[in-house]
Amino acid sequence: MDSQNKRRGIKGKLICFSKPPKGSKSVENTRPNPTPASGTSITYLVDHQDVMQPQTRQQKVAFFVPDYGYKYGPGHGYENYLSTFGDENVNMKATLYISSVRERFISNDHQNVPRSDPHYGSYVAKLHDSLLKKALKGQKYLKLYSYHYLINGFAVLVTPGQASRLSGRKEVANVVLDYSVRTATTYTPQFLGLPQGAWPLEGGFDSAGEGIVIGFIDTGIDPTHPSFSDILDKNAYPVPQHFSGICEVTRDFPSGSCNRKLVGARHFAASAITRGIFNATQDYASPFDGDGHGTHTASIASGNHGIPVVVAGQRFGNASGMAPRSHIAVYKALYKSFGGFAADVVAAIDQAAQDGVDIISLSITPNRRPPGVATFFNPIDMALLTAVKAGIFVVQAAGNTGPGPGSVSSFSPWIFTVGASSHNRVYNNSICLGNNMIISGVGLAPGSNDTVYTLVSATHALSNDTAAKDDMYLGECQDASLLSQDLIAGNLLICSYSVRFVLGVSTIKQALETAKNLSAAGVVFYMDPFVIGFQLNPTPMDMPGIIIPSANDSKVFLQYYNSSLLRDPTTNDIVKFGAVASITGGLVPSYTVAAPKVMYYSARGPDPEDNSLNAADVLKPNVVAPGNSIWAAWSSLGTQSIEFQDEEFAMMSGTSMAAPHIAGLAALIKKKFPGFSPAAIASALSTTASLRDKNGGPIMAQRAYSNPDVNQSPATPFDMGSGFVNATAALDPGLIFDSSYDDYFSFLCGINGSAPVVLNYTSHSCGVSTLDGPDLNLPSITFGKLNQTRLVNRTVLNIGPDETFAVGWSAPYGVSMKVSPTRFFIATGDRQVLTVHFNATLNNTAASYGRIGLFGDQGKTGGMFPGVIILAGGAGVEGKAGSEGSEGKAGTEVCEGSEEKVGPAGSEGTEVSEGSEEKVGPAGSEGTEGIEGIVGIEGMPGNGRKGRK
């Protein structure tokens, strides 16, 4: 797009229609450039696969357009489009809108084309073209995509006036503005117990997840990485027959990039290209990952087993995905230089479902809360709802905007939302000063082998008197030419870690190059006091080194250094560097810290129902999983983390890393229970989640961006959902809470004022029967506000043996509750309805939490689910279920100051009052070990601080 159009702010619009069935299959093409060559006139013709084939009147241009389909307005002239917009004396604003075409319009226009026709998608695309021509007669526009699998609609670049004209057509049901989105291991399989638990249940790691295809909507993939090879095992596995996707072939992604492991790869960038922000050099017009994020997430879920992790010449063990024999399909819709846009993400989701993936993993979140009646009504969530209807399990990162309440960026009950937790592997090194003080730090670096070296600051080691003494960046050690090798050689070079490192302007890697060029023995980074609240990941170094992450510790270190300088009393020049130190290496991890804990950046509930931050009757996040300091594969050309450039692996943190852990575990469940619905998989993961850390204490949640390990308290359901995922227990859940598309549809219809929006998105009218959020058959019960009395039902399905279950519960503070029946027998394959009666006994401004547990007489724990309820006039209280899995222990979160134990005893559950101790269980004995009372979240939810990827 030319600069003139950039100044005029051209955007794109997405028009969406109701869902048609599966369309045509795609083909391979090549596309080395994202835009046509200058001076070339191109025409796009639609073939039977709905792939636009470029033809030129002047020269051949190899311009690959994926089968989502470009179409450049009437006459199909790309140059005409540019010149037209350039000549029009108007403020052009292209916007992405989503709309629904009435089903009767499709039926009337295509009475003789059955939906089962393999070319039905092409017919729907022609319908879109016809509609545009009728609505925008004689006007210029740019159609980017035709959606014809999950969503019947198209993305089109039009002016606001044209968008208004389209929305006024009787065939068009909805028009929605495009919006941007953003991206939100060696040890975690062991931490999750996979080698001893879940993998043996699947027949071993060499068959874990086999036959399951995980679709990743991310920044692409590096197909050359050994984590995605299909020749590492003698028992090669075939591409699943139900998968029909293809592999794009480009200069960046040549023929042969895909295999029996990486079974499909496409890219989607039409919205970005039309905005003129697509950079082919950085972003790659292909499925290749120029960022690193997509390669990282794909390997966490599905990477091959036993791949050596070598970084900076050091070995850090072997890597494996959660489901190492599952298959990968990549749908690149995010890019390093700008993130992504909803139009491209929706196209990727639509194609993934059409290709036949079993699971969709999204480590992305919107940049803003969707406007309108409810947050659930946005193009991405509604496309994912239709994917769930097709039987696809959808997992999404919660977002990195924690730790504030209401900061979660994954909203809908049909999406499994994952927060980030720590694990107990840490890499710590330390520096021992000459005064015998030891300061801890971070750094994947070798030590100095107990050798003591002199410390020399870069600011005191200028190469000559004319150097830039006042250069505020001199201390960052980015330019060896400014420093004296005579002063630094054989000593430890001290560098400042300033905000420029946080911004990526200065790098650890460059400072290490400086140190090596000056023959330094090692390097010590101290934290600049202006860097507030920034948390460091361990950073690879190929020489002795340490980063002191604490500003206070850095102050202590500098005081020792400065006090040890010997200066000339007359000139104040430094005569001798007196400070000395040795560095203890950080290459060997320790496993002694309490874990898991919810990380400060992990986004929190309550789930915001709208932009007024009213709490939805849906529990978010669903669970937490390892997301902090995760080793995983890295793209050979990945640039997201400068410190890991040119490395095959990288250590990253974020909910982006947590979500693919769940995607991989879902593949294990899907393989064992191929008939499970997406809701059943979600239930298995939720009701078996753990409430305690590996040391037996309550899972903690970090409450502040600055000094998070000091500011922490026991986690609530708004922090961790049902708890920390238990991979082995999830493969034997016992009782299942199931839901269907019809349930979600009724839930949407139950939202005040939603009927027109539901009709617009689904082309189906709301009936008389609706469901409120608490009535969804979820493994949790959440009330945004409980006013007086409420009755809800839960239906459980027994997938285990015949068994008798007893019911125990703990009531939230300020609420009396009762569950019936308190005991029931259930045969394999049978269902049982549980009725839960809530009564608000007082007004309260804080959220309170309860829990219901189901305990089998054969030792099976049928699951725990939490409840969160907001009382009338105050904040809500959330409740949900979770269990300790095979241990059969259940914990319930209660009000401040109380202690609660839940287990199979005989009396009915009692209310928990402040300061009391309560034991709940259904038979005659006291309940088994529970969890100490947890303080509810006070006040209304607010915006969290922005986190990191």
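**Close-up 1. Buried residues of helix α12 in the predicted model.** In α12, the residues Pro379, Ile380, Asp381, Met382, Ala383, Leu384, Leu385, Thr386, Ala387 and Val388 are buried, in a model that is predicted rather than determined by experiment. The helix, which spans residues 379-389, is thus shown as mostly covered, with 10 of its 11 residues buried. At the start of α12, the backbone nitrogen of Ile380 has a side-chain oxygen of Asn378 within 3.1 Å, and Ile380 itself belongs to the buried residues of this helix. After α12 comes Gly391, a residue with a positive phi near 95°.

**Close-up 2. A nonpolar patch on the surface that includes Val499.** Four residues, Val499, Val502, Leu503 and Val505, form this nonpolar patch, and together they have about 350 Å² of accessible area. Val499 lies in helix α14, which covers residues 499-503. The relative accessible area of Val499 is 43%, and the residue is therefore classed as partly exposed, a class that lies between the limits of under 20% for buried and over 50% for exposed.

Close-up 3. The peptide bond that runs from Lys620 to Pro621 is cis, and its omega is near -5°. Pro621 has its place in the loop between β28 (597-598) and β29 (623-626).

**Close-up 4. Ser629, a buried loop residue with positive phi.** Ser629 lies in the loop between β29 and β30, the latter strand being residues 630-633. The phi of Ser629 is near 55°, which is a positive value in a residue other than glycine. With a relative accessible area of 12%, Ser629 is buried, because the cut-off for that class is under 20%.

**Close-up 5. Asp646, an exposed loop residue with positive phi.** Asp646 lies in the loop between β30 and β31, where β31 is formed by residues 649-652. Here too the residue is other than glycine and its phi is positive, with a value near 70° for Asp646. The relative accessible area of Asp646 is 68% and the residue is exposed, because that class begins over 50%; Ser629, by contrast, is buried.

Terms used:
Residues numbered from 1 in each chain as written. Predicted model: local features only at pLDDT ≥ 70, side-chain atom pairs only at ≥ 80, totals over all residues. Heavy atoms only, no water. Buried < 20%, exposed > 50% of the residue type's maximum accessible area, 1.4 Å probe, protein only. Helix = DSSP H or I, 4+ residues; strand = E, 2+ residues; numbered from the N terminus. Polar contact = N/O pair within 3.5 Å; in protein donor to acceptor, adjacent residues only side chain to side chain. Patch = residues over 30% accessible without salt bridge, like charges linked within 9 Å, V, L, I, M, F, W, Y side chains within 5 Å. Areas by Shrake-Rupley, 256 points an atom, 1.4 Å probe, with all protein chains shown as cover. Salt bridge = Lys/Arg side-chain N within 4 Å of Asp/Glu carboxyl O.
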